[in-house]
Amino acid sequence: RLRRGGRDGALVPALLRALLCVRGLVLQQTCHTEACAAQLTATLASLHNESDSERRRFLAACVAAVREHVAAAGLDGKGAPQGGRADPAALSFLFERLCGLVCPERPEPDYPLQLSKAPTQEEFIRGAMTKNPYMKSSLGPLMRDVKNRICRDLDMVGLIEDDNGMELLVAGKIVKLDLPVAAVYEQVWARSDSALARGAGAPGGAGR
C-alpha cells in the first residue's frame, strides 16, 4: 500500500513534511527521532529512485515544500508573514535534494598513472618507480602529491618541501603542482597524441 501510494504521488509530500518536522526537532531530539528521520529518509529514497516519473514527483514535492517555507515567512512578497519563519536547515536540506536530483555528482574515476624519469635525468636521479601504474587514489588529489610520492620512493625527501626542485612532464608539457591530477589527466594526457593512439584509459601514460 505504501509503495502504491508513493507511485501515484499521494504520500511523497506528506512523508517529506514529516521528515522536515522530525529533522527540525532540536531540544526534543533523541535516538528515537534520529531513527525516525533515518527511516523516513530511506522510505522517501525508495519512492523516487526507480523511474523518471517518480523523480519528477519528488522534485515537485521539494519545490512545493520550499514555497511553503518561503510563504510562511512572508518572503515571497505576497503579504505579511503567517506567524512563522524560514527554517534555514529545512531549506538547505530541500535544496541539497533538488541539486542531487537535477545535477547529481559524478564520481571521479581512479586514474592510472605511469611514472618514469625523463631520459635526460637518468644520470642525475637514481632508482626507478617500480610500482607502475600508480592509481590516483594512492597518491593524492594534486600533482604536488604525485611529486612528493616520487621524492619519497626515490629517496629524495629533501625535495618534498621544495616545489622548484622537480618538474613534472605530462605528454611533454610541464604542469603546475597545484593542479588536480584528474584535471591534468583529462585535459592534458587524454587529449595528447600518445593517449589517443592507445586509448586514454589505458595504464601507462598518465604522467612522466
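The structure holds 1 aromatic pair, where rings of Phe, Tyr and Trp (its six-membered ring) pair if their centres lie within 6.5 Å. Tyr-111 and Tyr-185 form this pair, with 4.0 Å from centre to centre and 15° between the planes, and it is stacked (planes under 30 degrees apart count as stacked, over 60 as edge-to-face and the rest as tilted). Because Tyr-111 lies in the loop between helix H5 (88-102) and strand S1 (112-113) and Tyr-185 in helix H8 (residues 181-189), the pair ties together parts that are 74 residues apart in sequence. Tyr-111 counts as buried at 11% relative accessibility, and Tyr-185 counts as buried at 4% (buried means under 20% relative accessible area, exposed over 50%, partly exposed in between, with a 1.4 Å probe and protein chains only).

This is a predicted model, in which local features need pLDDT of at least 70 and side-chain atom pairs count only at pLDDT 80 or more, while totals for chains, interfaces and linings use all residues. Residues are numbered from 1 along each chain as its sequence is written, and side-chain values use heavy atoms, with hydrogens and water left out.

Turning to helix packing, the axes of helix H4 (residues 52-72) and H5 come within 10 Å and cross at roughly 155° (axes are lines fitted to C-alpha atoms, for helices over the stretch in contact, and angles run from 0 to 180 degrees between N-to-C directions; helices, H or I, have at least four residues and strands, E, at least two, as DSSP runs numbered from the N terminus). That makes H4 roughly antiparallel to H5, as angles over 145 degrees count as roughly antiparallel, under 35 as roughly parallel, 65 to 115 as roughly perpendicular and the rest as oblique.
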